[in-house]
Amino acid sequence: MGTAVVTGASGGIGSAVAGRLASDGMTVVAGYHSAPERAESLVAGLVGDGHRAMRISVLEPDSLEALADYVSSRWGCLDVLVNCAGVTEPVPHDDLDTLTDDLIDRIFATNWRGPFATIRALRSLLEGADRPVVVNISSVSAVTGQGSNVAYCASKAALDSMTRSLARVLAPRVRVVSVSPGWVPGEYADRMPAAVLESQRDETPLARLATPDDVAAAVSAAVNHLPFTTGSVIAVDGGRPLGTV
C-alpha cells in the first residue's frame, strides 16, 4: 500500500503506469495537463478506491504547489513519484532550421525542468515516507541519439544525468531511478513515418517495439522489487542499442 503521483497519466505510458501501481495496491493521483476526460476515465477504471485525477502542469509553480498541498493534507507524505509528462515533435535530425529555439526551449522545459520542479515541490513529502521512490521516464534516445528530434534526445540524456545527481543528493532517504523505454507505439512514435518504426523494430534484438505495459512493469519493479537500486537507468528497449547481427 502507499500513495503515488503520476504526471502525464492521460498518455499511453502514464495510464499504464497508473494502472499497474493501482493494481499493486497504491492510491494514485493521475496527473493530466489538457485531457481531463481521459484522466477521469482512467481513474474510474483503476483497481481500488481513493484515486484522483488532477491537473498537474509541471511548468506552473502554482500547479505544483497545489499538488503538494493536496498530498500533504490527504496523506502527509508521498511514497512514489513517476515523472511521465513529456513533449516532443518529429523533426529530422539533419533539419537544423526546423528545430527552432522555441521548440528546443519547450522540450527542455517540459522534459527536464518539469521533472526537476516536481521533485523539488514534493521533496519534503517524499522524505516523509518510509521507502520513497522517484521514477523518471526517460528514453533509449538518450543513449542512441536517435529519436523524434535532436533536442528530445538531449533532453532525455539530461534527465538521466539528473537521475544520477539527485539519487546521490537525496540518498539515503529517497531513491531515484530512470526507466528508459525504446520506441512505444501509441505515444509520439505514431507521428513518425512507418518506415522509421519498422527499422527500429528490425534493429532490435528482441524483434519488437516496447509497449506501455512493458514500461509499467519496469516502474513497478523499480518501486517494489529493487530496494537497493538508485541512480540507475533501467532499460526497457529490447536490446536496441546492441543492434542486430
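Let me start with Ala207, which is exposed at a relative accessible area of 52%, where exposed means over 50%, buried under 20% and partly exposed in between, with a 1.4 Å probe and protein chains only. This is a predicted model, in which local features need pLDDT of at least 70 and side-chain atom pairs count only at pLDDT 80 or more, while totals for chains, interfaces and linings use all residues. Residues are numbered from 1 along each chain as its sequence is written, and side-chain values use heavy atoms, with hydrogens and water left out.

Ala207 sits in the loop between helix H7 (194-202) and helix H8 (212-224), helices being DSSP runs of H or I with at least four residues, and strands runs of E with at least two, numbered from the N terminus. The phi of Ala207 is near 60°, a positive value in a residue other than glycine. Most residues other than glycine have a negative phi, and most peptide bonds are trans.

Now to the helix packing: H4 (residues 101-127) and H6 (residues 150-169) pack at an angle of about 20°, with their axes 9 Å apart. That makes H4 roughly parallel to H6, a term for angles under 35 degrees, as against over 145 for roughly antiparallel, 65 to 115 for roughly perpendicular, and oblique for the rest. The residues of this contact of H4 with H6 divide into 14 nonpolar, two polar and one charged.

Notes
Axes fitted to C-alpha atoms, helices over the stretch in contact; angles between N-to-C directions. Nonpolar A, V, L, I, M, F, W, Y, C, P; charged D, E, K, R; others polar.
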